[in-house]
Amino acid sequence: MIKFKHIRSRIAFTFLTVVVAIQLAGLLPLKYALSKHADTLAAEQINVGERVFVSLLQHNTQSLKQATQVLAADFAFREAVATNDAETIESALESYQGRIRAQIAYYISNNDNLVIGTTDNEQALFGSNAKEDARQAMLENQSGTLKFDIIAGKPYQLITVPVKAPETIGWIVMGFAVDGRLADQIKQLTHLDVTFVQKTHQRDWQLVSSTSTRELSNLLVKTVADIYRQKLSLHRVDLNGQAYHLKIRSLHETKDDALLVVLQGSVEPFTQDLNTLFKVMVLLTFIGVLIFAALIWYVSRKTTEPIAALVNDADNIAMGDYEKEIQVNSTDEVGHLAKALNSMREAVLQRSLRIQRLAFNDELTGLSNRLAFNQGVHQAIMTHADNQQKLSVIVINIHRFKPINQTLGRDFGDDLLRHVGQVLKQNVLSDQDMVARLDADEFAVLLQQTDQAKATRYADKIQQVFERPVSVQGQAIDVRTGIGIALYPDHGLDEESLLNHAETALQESRAKKSPWIVYNTALEIDQSETLTLISDLKEAIQHDQLLLYIQPKIDVTTRRALGGEALIRWVHPEKGMIFPDQFIPFAEQTGVISDITNWMLLRACQVLAGFKKQGLHITLAVNLSTRDLNNMELPEQIGHLLSSHGLDAKSLKLEITEGSLMQDPERAEVVVKKLAAMGLHLSIDDFGTGYSSLAYLRQLPVQELKIDRSFVMFMDKNSGDASIVKSTIDLAHNMGLIVVAEGIENEFVLNQLAKLGCNEGQGYFIGKPMPEKDFSIWLERWEGQNEIDIDIGDDLSYDINPLEIDQQAQDPFKLDNLGE
Amino acid sequence: MLRVMFRLGCAGMLLIAMSRSALAVEVTLLVSDAGGKPVADAVVAFYDGKTPAINPNAAGKIVQKNKMFNPKVTIVQTGTSINFPNEDTVRHHVYSFSPAKKFELKLYAGVPTNPVPFEQAGVVTLGCNIHDSMVGYIYVVDTPFFAKTDDKGKAVLKLNDGQYSYQAWLPGQNKPGVEQKITIEGATEVKITLP
């Protein structure tokens, strides 16, 4: 089966095939019938010709006979015959023969062999053959048939008439030559070519005369001879490429002799007309087929065009264009189909809208979901990229949503989320801005055409709204939010990076308890490294890969050892020694820091308990992170640790940074105050690097202030640093705080600090961070040298090389010295 | 033919001499054709070789009526004259080209003035130059013993016992039957078959 691209081709092909087949089915029999008809006509012509021919011969014969009879009835002639007057008879025959234009004339007596003739040919008259012929002719004449004979090699028609006196006493025989004249005469009447052919015992078939061309006649002679042999009378032959019908009639036939007349009718004239007719029919058929083809093409086009249009529409639907309604132009099947397609389109449209709603909407709040938000940002980026404008992606998170949900119920939580969503939505800057709920308690806002100032203004506004308690289900609740802001194109060129960075900023905002944070690259940490380390770190805590290091701390004036700052080292099974700055930041982000702090506190207590057994009353300082400061249970935990190890609260110092305090100052304040109330010694670490106000610090129950090593390390060379150190020491003393200097690397600095009134100090000059065992040795040595001079404990710093100074210096976990 | 005529002449003489003495028996002639069908109007003549033709009825007649010779076949002995009265309203031109008697009665009506004498034995075929269909036959015989068959091909002839030769003709046929010899002894039946 042929395959069609279009239905109309199939329709056209099918119908055209049928039409052509019908036409051919008509034409072929027509062709056959026409040629048969031509044959029939030719045959008919031949038959009619033959009848005319026979009739003509009979008529000729009759008239010749009548003419001859006139002679036979002549009384004088009869008398001459009766009296055997041969001379008279001959002369009478002669004159009569001339009158009726016969070529032969003779008289045959009835009762004897008397033959009187006019011909010069003796043999013709008196030959035995002639006599026999004559007798035969007489008999046949009586039966009324035509008689032909070949006399002396020439064919004649013989007319035999009896001579009666009154009984038949003899016969007059008149012979008329069968020649071209006769042939012409026949042709005139029959419109057929006439050929006479004869055969004698002396000569084979030969042409006597013919009305057709010599060439054709000669051909005919041979053909006729064959046909004659086969005893066929009517025959169709092809001569010189033309078809002829031949009618052969024997005029005379004996053992040796034969005279045939051949009537020959060409089929050509008939086929000519019929061929013309056929050609006209073919032409008409061709024109008909063309017209029909055009009609079929037109009709099938008309039929399939709407279908094609529908196909087009269906394609559009398939491509997702459900909006365009399909035109229904007709009431026929196509119209029905169009209607059906239309209703299908509408159903699909509704469904697709629903799916879209489900796919792109957050069902709870009615806001967009993450997917929709991503798309929205994507589109916005495209338009903004064209206009070279900025846009901002803001991620907002509700603090403590989980406990709210748990304590006040899921319904309440849901309502709260809806409310927050509303607030975010109400405060957007333009209609094109977008608010989405990304996660349980996390929302995102897309602000179009906004720079950082506008974005932070929005964040401020949100912050302000939530400064007052929110009323949900009749309950007033405080909502605290964290906000991360990322700007296009500053912080990312695609929606994903923008959102990620906004979330990073959000993390930071939460970590630092800032109302909002705008993303910057400093927030970034090596994510991939971090991820593996997080899981490794958890394992490290469990499998004791962490080590406690201690950096000694002394009294600057007396140079007595006071204790140390507890620091952490991680001996990774594959990566080796890992310094805190490589894992503490993400430990803080992920909350693992709490475990680390707990581990540190435990280990510090164990070490302190060990020294206490030896009778050494030293102090160890442990760093607390932001999370630890927000952990309301921390004071209780520490109290439990101290009591279980039989330690005094004074032996444990807690170092906190300005930044960790500022994240959630209120909470931190609560925790710090509790700790202080327990008698724990609190120290502000890295003082000078943060932005904390002294006024705020003053409110805190802090006993100690650690000057950041960046000021101390080069104070012997940099007078600016030295003056900062000096004023800080003065300021701290004025506030009644102990001052500790970090980063003491030579004796000069140590002496300088002593002069400035600094209370305590730590640094490489005094001792590098070292394992617990080495610290015991250092203590012994330091105390031994104490009276004499101070030596640099190089031999004890085997695991700390000078290259690690920076890292070590930035270490947020530093051993503090407790001034007893 | 000449020979026959001669013999008829001799026989005619004898017949006259004999006839007086005794005419004894009736001879029944049955003439049929080759197919056995009886032939009407067949002419049979018996010759005894001694009785000549006698001419008791010197004049006979053949009437032309309805464009026919009536009777169609007439047998006469030599020396008989026959008249040809025309009883038709049309005229006739009676002729004969027969060697036994050639004559011509040019167009006439009614009874011709002179009858035509037939002295020579033989067959005379009569025709009319106007009406080709008219054919008549006169058999001129030189014997008193002759007869013409009826519709059943039968004829009766009275003959004395003795030896005869006989011959039969069928009108229209050129040649007579073969001459046969027969001895008559008492009434008898002679069957003659014409070729």
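In strand 12 of chain B, V141(B) is the bridge partner of Q77(B). The model is a predicted one, in which local features require a pLDDT of at least 70 and side-chain atom pairs count only at pLDDT 80 or more, whereas totals for chains, interfaces and linings use all residues. Residues are numbered from 1 along each chain as its sequence is written, and chains are lettered from A, with ligands numbered from 1, in the order in which they are written.

Strand 12 (residues 135-141) of chain B runs parallel to strand 6 of chain B, and five bridges join the two; strands are taken as pairing where DSSP finds at least two bridges between them. Strand 6 (residues 73-77) of chain B is mostly covered, four of its five residues being buried, where a residue is buried if 20 or more other C-beta atoms lie within 10 Å of its own, exposed if 12 or fewer, and partly exposed in between, with C-beta atoms placed from the backbone. Chain B as a whole holds one helix and 17 strands, helices being DSSP runs of H or I of at least four residues and strands runs of E of at least two, numbered from the N terminus. Of its 195 residues, 38% count as buried. Among the contacts in chain B with a separation of 6 or more, 68% are accounted for by residues 24 or more positions apart, a contact being defined by C-beta atoms, placed from the backbone, that lie within 7 Å.

Strand 1 (residues 25-32) of chain B pairs with strand 17 of chain B in the parallel sense over six bridges, and L29(B) stands opposite V190(B) in strand 17 of chain B.

Elsewhere in chain B, C128(B) lies in strand 11 (residues 122-128). C128(B) is classed as buried because 25 other C-beta atoms lie within 10 Å. When residues up to four places away in sequence are not counted, C128(B) touches H92(B), H93(B), V94(B) and M134(B). The C-alpha atoms of C128(B) and E104(B), residues 24 apart in sequence, are 9.3 Å apart in space.

Chain A contains 27 helices and 28 strands, and 38% of its 820 residues count as buried. Of the contacts in chain A between residues at least 6 apart in sequence, 64% join residues at least 24 apart.

Two helix pairs of chain A are described here by their axes, which are lines fitted to C-alpha atoms over the stretch in contact, with angles running from 0 to 180 degrees between N-to-C directions. The axes of helix 1 (residues 7-73) and helix 8 (residues 268-318) of chain A come within 9 Å and cross at roughly 170°. Helix 1 of chain A is therefore roughly antiparallel to helix 8 of chain A, angles over 145 degrees counting as roughly antiparallel, those under 35 as roughly parallel, those of 65 to 115 as roughly perpendicular and the rest as oblique. The residues of this contact between helix 1 and helix 8 of chain A divide into 25 nonpolar, eight polar and three charged, where Ala, Val, Leu, Ile, Met, Phe, Trp, Tyr, Cys and Pro count as nonpolar, Asp, Glu, Lys and Arg as charged, and the others, Gly among them, as polar.

For helix 17 (residues 592-613) and helix 19 (residues 634-644) of chain A, the axes come within 10 Å and cross at roughly 25°.

R181(A) is found in helix 6 (residues 180-190) of chain A and is exposed, with 12 other C-beta atoms within 10 Å. The C-alpha atoms of R181(A) and S209(A), 28 residues apart along the chain, are separated by 8.9 Å.

Between the chains, ten residues of chain A are in contact with nine residues of chain B. Helix 2 (residues 75-82) of chain A supplies the largest share of the side of chain A that touches chain B, namely four residues. By class, that side of chain A divides into four nonpolar, two polar and four charged residues.

Note on methods:
Contact = placed C-beta atoms within 7 Å.
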